[in-house]
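Subject: Structure handover

Hello,

I am passing this structure on to you. Please open it first, then read the notes below.

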Amino acid sequence: MAKEFFAGKLADVINWGRKFSLFQYPFVTACCAMEYMATMGPRYDLARFGAEIPRFSPRQADFIMIVGTVTERQAPILKRVYEQLAEPKWVVAFGVCASSGGFYQNYAAVPGIDQIIPVDVYIPGCPPRPEQVLDGLIMLQDLVQRGQGLSYERLRREHEKIKALKAARA
Amino acid sequence: MSQLALAKLKEAFPREVLATSDYRGDETATIAREHVKAVCRFLRDDPDLQFDLPVDLTCVDYLGEEPRFEVVYHLYSTTKRHRIRLKARVPEDDPALDSVADVWPGFNWSEREAYDMYGVRFVGHPDLRRILLYPEFVGHPLRKDYPKEGRQPLVRREDPPQ
Ligand code: SF4
């Protein structure tokens with residue numbers, strides 16, 4: 001009982017620390033990049049939320065931000081980058097192109113990156129205002145604090161699968 | 001605007017030039033597709049014309065007309081400062097014409113793009129592969145009879161959200 005209580009408290013503390021030191025991997029593909037830069041700049045200053053360091057290796061990042069249109073040709077690259085992110089990981093779709101394909105209803109654009117990878121936070125707008133991006137980041141921080149996220153869910157599912165396999169073998 | 005380029009072109013190729021127009025100084029010549037390469041050589045090498053800058057090469061799909069496709073060339077002369085537009089019609093059953101990538105290497109990628117999007121073959125092109133789309137793609141998406149949302153995905157999740 002006491003052990004569990006302290007383990008829970010410890011997880012809270014770790015999540016609290018994680019929440020304010022999110023390293024991001026910007027997967028920047030299109031015009032939304034301008035708004036991303038504005039958000040990173042001194043006026044809106046994403047650094048206030050502890051997410052100021054873009055890492056250009058997915059292995060060093062906590063979450064990936066897909067900023068812009070993803071084409072069918074790029075989709076395998078995005079999937080590979082996502083798979084290289086270290087667990088636990090989160091995904092933010094920045095702008096309507098990443099969220100749903102936006103106005104690109106054609107042969108080239110993916111109709112929303114959630115067709116390829118699971119998305120935790122969607123930020124609407126074409127492009128979203130920096131305030132919306134900050135709002136999205138705060139939503140992401142909430143998820144991190146609560147220890148939630150689609151990558152946790154996937155891990156849990158996989159653990160259960162392994163458990164079931166082990167039980168079947170025993 | 002000088003009408004020089006069109007006049008010289010008509011003089012040198014009286015039969016190969018099918019039609020010309022110069023609406024508001026936009027000099028345009030329609031050429032039979034067999035002679036595109038000779039005309040381009042002439043435009044580049046003639047000392048009065050010197051079209052040395054390949055601005056753009058693209059294609060238009062006139063679905064329902066015959067010949068169906070029209071390849072369009074835009075040229076500019078950086079020394080003489082004039083422009084010309086060439087057009088050549090290509091039929092649907094044999095969409096091919098001579099490559100001018102060896103006349104202006106700058107048209108190499110433009111021809112690949114026209115091939116990728118419209119399926120027009122440029123005979124004699126050094127490396128006629130798809131340039132924007134992936135090799136697995138079937139068909140040519142800017143043809144008017146290609147379905148608008150004819151996606152050909154490379155990857156998809158097993159459990160995409162509804
Ligand atoms: S959402 Fe709008 S601004 Fe952002 S990448 Fe798409 S088209 Fe560009």
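In what order do the elements of chain B run from the N terminus on? The order is α-β-β-α-β-β-β-β-α-β. That is three helices and seven strands in chain B. Helices (H or I, at least four residues) and strands (E, at least two) are DSSP runs, numbered from the N terminus.

Some ground rules. This is a predicted model, where local features need pLDDT of at least 70 and side-chain atom pairs count only at pLDDT 80 or more, while totals for chains, interfaces and linings use all residues. Residues are numbered from 1 along each chain as its sequence is written, chains are lettered from A and ligands numbered from 1 in the order in which they are written, and side-chain values use heavy atoms, with hydrogens and water left out.

Chain B overall

The C-alpha trace of chain B spans about 65 × 30 × 30 Å along its principal axes. Chain B has 162 residues, and 44% of them count as buried. Buried means under 20% relative accessible area, exposed over 50%, and partly exposed in between (1.4 Å probe, protein chains only). The accessible surface of chain B is about 8800 Å². Carbon and sulfur atoms hold 50% of that surface. Accessible areas come from the Shrake-Rupley method with a 1.4 Å probe; for residues, only the protein chains shown count as cover. Take the contacts in chain B between residues at least 6 apart in sequence: 51% join residues at least 24 apart. Contact means heavy atoms within 4.5 Å.

Where the chains meet

21 residues of chain B are in contact with 18 residues of chain A. The two chains bury about 1600 Å² between them, with 54% of it on carbon and sulfur atoms. On the chain B side, Arg151(B), Arg156(B) and Arg157(B) lose the most area to chain A, together 37% of what that side buries. Buried area is the accessible area (1.4 Å probe) that two parts lose on being put together, summed over both.

Around the ligand

The residues around the ligand include Cys31(A), Cys32(A), Cys97(A), Cys126(A) and Pro127(A). A residue is near the ligand if one of its heavy atoms lies within 4 Å of it. By class, this shell has eight nonpolar, three polar and no charged residues. Ala, Val, Leu, Ile, Met, Phe, Trp, Tyr, Cys and Pro count as nonpolar, Asp, Glu, Lys and Arg as charged, and the others, Gly among them, as polar. Cys97(A) is buried, because its relative accessibility is 12%. Cys126(A) and Pro127(A) are joined by a cis peptide bond, with omega about -10°. Pro127(A) sits in the loop between β4 (121-123) and α5 (130-145) of chain A.

Cysteines

Cys59(B) is buried, at 5% relative accessibility.

Backbone points in chain B

The peptide bond from Glu66(B) to Pro67(B) is cis, with omega near -5°. Pro67(B) lies in the loop between β3 (53-61) and β4 (69-76). Arg24(B) is not a glycine, yet has a positive phi of about 50°. Arg24(B) is in the loop between β1 (17-23) and β2 (26-31). Arg24(B) counts as exposed, at 72% relative accessibility.

Best wishes
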